[in-house]
Amino acid sequence: MLSDVDSYLMENEDEGTRLELKTDPENVRKQAAWCGVGPGLRVLDAGCGTGKTSQLLYDMVGPHGEVVGIDLSEKRIAHAREHYRSRGLSFEVCDLTGPLPLSQIGTFDVIWVRFVLEYFRRESPSIVKNLSEALSPGGYLCLIDLDHNCLNHYDLPPEMEATLVKLMKATEELDFDPYCGRKLYSYLYDLGLHDISMDLMAHHLIYGKLTDVDAFNWAKKLLVTGKRAESVFGQYPGGFKSFFSDFQAFFAGPRRFTYTPLIMCKGRTAS
Ligand SMILES: C[S@@+](CC[C@H](N)C(=O)[O-])C[C@H]1O[C@@H](n2cnc3c(N)ncnc32)[C@H](O)[C@@H]1O
């Protein structure tokens with residue numbers, strides 16, 4: 001059994017706060033509507049984090065629907081149970097890299113997996129397969145993730161750009177997948193799901209004045225991943241500390257443009 005501390009690249013004491021802050025309800029609702037989340041459905045929020053997305057999904061299915069949020073982190077599941085309480089909303093600690101406890105959680109009309117597969121460059125196909133076994137007949141598996149993650153900034157000085165590319169390469173060794181989004185279609189195709197459809201929207205679209213939420217989110221991303229891959233900064237003048245402050249200065253500048261494509265993919269089992 002995995003422990004959250006060993007296995008999740010972004011694990012740190014502020015991860016719950018980062019997830020709560022960066023989750024934009026309007027975007028979640030838009031994505032969930034595209035996934036077909038609606039009144040009366042039974043939905044699995046796989047890798048639910050602190051439960052904020054699960055509550056938003058529940059608001060779209062309740063009061064006659066149901067949402068089950070599952071996550072490996074005991075701390076985030078405890079937070080979810082304390083902060084998001086509704087009759088049809090429940091949370092379980094569960095490791096997505098193994099078979100799901102179907103006798104405990106049941107089967108689902110919609111399985112929603114957002115910003116989770118990117119942490120499993122190697123295991124994603126088997127995780128998706130395990131999840132598909134929890135679909136009710138005709139149920140939809142909905143995969144939502146980022147592509148070319150953290151790599152789209154202009155006008156980053158060449159030395160910083162090269163170091164950032166090296167950092168993202170190093171995260172691949174840690175099982176992270178900066179190119180997760182482009183692979184989602186093939187996962188569903190390989191499972192033989194029906195009526196597969198795709199959509200694309202901007203996740204980060206950052207220009208002009210930097211918001212506090214983006215500043216916090218990106219500082220955390222860099223601090224946590226940078227600490228796990230410190231050797232990458234060996235050739236950068238001043239090492240990680242200088243890179244971090246140079247990136248902060250670049251990112252705070254209103255001329256900077258940063259974006260990340262979010263890819264959504266859904267397919268259903270036979271009815
Ligand atoms: C970036 S968060 C995504 C949270 C939420 N889905 C969202 O859209 O904001 C990734 C979540 O995956 C969870 N996770 C990582 N490894 C896991 C595993 N093996 N089994 C279940 N959850 C896992 C982490 O604990 C974390 O809460």
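Biologist: Where is the place of Asp 155?

Modeller: Asp 155 sits in the loop between strand S6 (153–154) and helix H8 (158–173). Keep in mind that this is a predicted model.

Biologist: Which way does the peptide bond from Tyr 154 to Asp 155 go, cis or trans?

Modeller: Read omega for that. The bond from Tyr 154 to Asp 155 is cis, with omega near 20°. Another cis peptide bond joins Gly 62 and Pro 63, and there omega is about 0°. Pro 63 lies in the loop between helix H4 (52–61) and S2.

Biologist: Next, phi. What is the phi of His 148?

Modeller: His 148 is not a glycine, yet its phi is positive, about 55°. Find His 148 in the loop between strand S5 (135–146) and S6. Asp 175 also has a positive phi, near 80°, and is a residue other than glycine. That residue belongs to the loop between H8 and helix H9 (184–190).

Biologist: Is Asp 175 buried or exposed?

Modeller: Under 20% is buried, over 50% is exposed, and partly exposed is in between. Asp 175 has 8% relative accessibility, so it counts as buried. His 148 has 27%, so it is partly exposed.

Biologist: And Met 201, buried or exposed?

Modeller: Apply that cut-off again. Met 201 is buried because its relative accessible area is 18%. Met 201 lies in strand S7 (residues 194–207). Now check its contacts, leaving aside neighbours within four places in sequence. They are Asn 27, Gln 31, Thr 260, Pro 261, Leu 262 and Met 264.

Biologist: Now strands. How do S1 and S2 pair, parallel or antiparallel?

Modeller: First, one general idea. In a regular strand, side chains alternate between the two faces of the sheet. Here, strand S1 (residues 42–46) and S2 pair in the parallel sense over 5 bridges.

Biologist: Why is S2 called largely enclosed?

Modeller: Count its buried residues. Strand S2 (residues 66–71) has 6 residues, and 5 of them are buried, so the rest of the structure largely encloses this strand.

Biologist: How many residues are in the largest nonpolar core?

Modeller: The largest nonpolar core has 57 residues. Leu 44, Leu 131 and Leu 141 have the most contacts inside it. Helix H11 (residues 239–252) supplies the largest share of this core, 6 residues. Apart from this core lies another, of 27 residues, including Val 28, Leu 56, Val 67 and Tyr 84.

Biologist: Which residues is Leu 44 in contact with?

Modeller: Again, leave aside neighbours within four places in sequence. Among the contacts of Leu 44 are Val 68, Ile 70, Leu 100, Phe 108, Trp 112 and Leu 131.

Biologist: Last, the ligand. Which residues are closest?

Modeller: Start with the surroundings, then go to atom pairs. 19 residues surround the ligand, and the closest are Gly 47, Asp 71, Arg 76, Leu 96 and Arg 114. A backbone N or O atom of Gly 47 lies 2.7 Å from a ligand nitrogen atom. For Leu 72, a backbone N or O atom lies 3.1 Å from a nitrogen atom of the ligand. Asp 95 uses a polar side-chain atom, 2.9 Å from a ligand nitrogen atom.

Biologist: How much of the ligand does the protein bury?

Modeller: Compare the ligand alone with the ligand in place. Alone, the ligand exposes 600 Å². The protein buries 99% of that.

Notes:
Residues are numbered from 1 along each chain as its sequence is written. This is a predicted model: local features need pLDDT of at least 70, side-chain atom pairs count only at pLDDT 80 or more; totals for chains, interfaces and linings use all residues. Side-chain values use heavy atoms; hydrogens and water are left out. A nonpolar core is a set of buried Ala, Val, Leu, Ile, Met, Phe, Trp, Tyr and Cys residues joined through side-chain atoms within 4.5 Å. Buried means under 20% relative accessible area, exposed over 50%, partly exposed in between (1.4 Å probe, protein chains only). Helices (H or I, at least four residues) and strands (E, at least two) are DSSP runs, numbered from the N terminus. Contact means heavy atoms within 4.5 Å. A residue is near a molecule or strand if one of its heavy atoms lies within 4 Å of it. A polar contact is a pair of N or O atoms within 3.5 Å; within protein, one must be able to donate a hydrogen and the other to accept it, and residues adjacent in sequence count only if both atoms are side-chain atoms. Accessible areas come from the Shrake-Rupley method with a 1.4 Å probe; for residues, only the protein chains shown count as cover. Two strands pair if DSSP finds at least two bridges between them.
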